[in-house]
Amino acid sequence: MPETWLETCPLRELPVGSRKLIKLNGIEIALFNIDGTIYAIKNRCPHRSGPLIRGFIDPAGGMKCPGIKCPMHGWRFDLRDGSSERPVQATVYPIKIEDGGVYLRLP
Ligand code: FES
């Protein structure tokens, strides 16, 4: 089956250091531009559904990778793969930039 990439927004709407909440197929997804790399993570924290769009960017952190700390209880998730030191994993999505647009692939 061919991969289906869905357009989220033009790249110019997500400048370095910004974040944006989008909705695709009924799923809220938080987009982050950290130092020019775009990350996409499901907006609902796997702990108790905290809104990760309002989380705190943690570029270094203990895991030496870009992370987001949930605004509710501070659990940290790796924005590259959703992993955490906690016993849960956040859902992240592959991103590609093409023709000035930010595209995302749902599982
Ligand atoms: S809801 Fe995110 S850490 Fe609790």
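Mentor: This is a predicted model. Let's begin with Trp75, which touches Cys45, His47, Cys70, Ser84 and Arg86, leaving aside residues up to four places away in sequence.

Trainee: What makes those residues count as contacts of Trp75?

Mentor: The cut-off is 7 Å between C-beta atoms placed from the backbone. Cys45, His47, Cys70, Ser84 and Arg86 are in contact with Trp75, so their C-beta atoms lie within that limit.

Trainee: Is Trp75 called buried or exposed, and why?

Mentor: Trp75 has 21 C-beta neighbours inside 10 Å. Buried requires 20 or more, so Trp75 counts as buried.

Trainee: Where is Trp75 placed?

Mentor: Trp75 is in the loop between strand 6 and strand 7.

Trainee: How do you know that strand 6 and strand 7 pair?

Mentor: Pairing needs at least two bridges. Strand 6 (residues 67-69) and strand 7 have three, in the antiparallel sense, so they pair. Ile68 stands opposite Phe77 in strand 7.

Trainee: Which sheet holds these strands?

Mentor: An open, antiparallel sheet of three strands, in the order 5-6-7.

Trainee: Why are strand 5 and strand 7 called edge strands?

Mentor: Strand 5 (56-58) and strand 7 (76-78) each pair on one side only. From one strand to the next, the twist averages 30°.

Trainee: What makes strand 2 and strand 3 a pair?

Mentor: Strand 2 (residues 19-24) and strand 3 (residues 27-34) share six antiparallel bridges, and at least two are needed, so they pair. Arg19 has Phe32 in strand 3 as its bridge partner. In their hairpin, with two residues between the strands, Asn25 takes a positive phi near 50°.

Definitions and conventions
Residues numbered from 1 in each chain as written. Predicted model: local features only at pLDDT ≥ 70, side-chain atom pairs only at ≥ 80, totals over all residues. Helix = DSSP H or I, 4+ residues; strand = E, 2+ residues; numbered from the N terminus. Axes fitted to C-alpha atoms, helices over the stretch in contact; angles between N-to-C directions. Buried ≥ 20, exposed ≤ 12 C-beta atoms within 10 Å, placed from the backbone. Contact = placed C-beta atoms within 7 Å.
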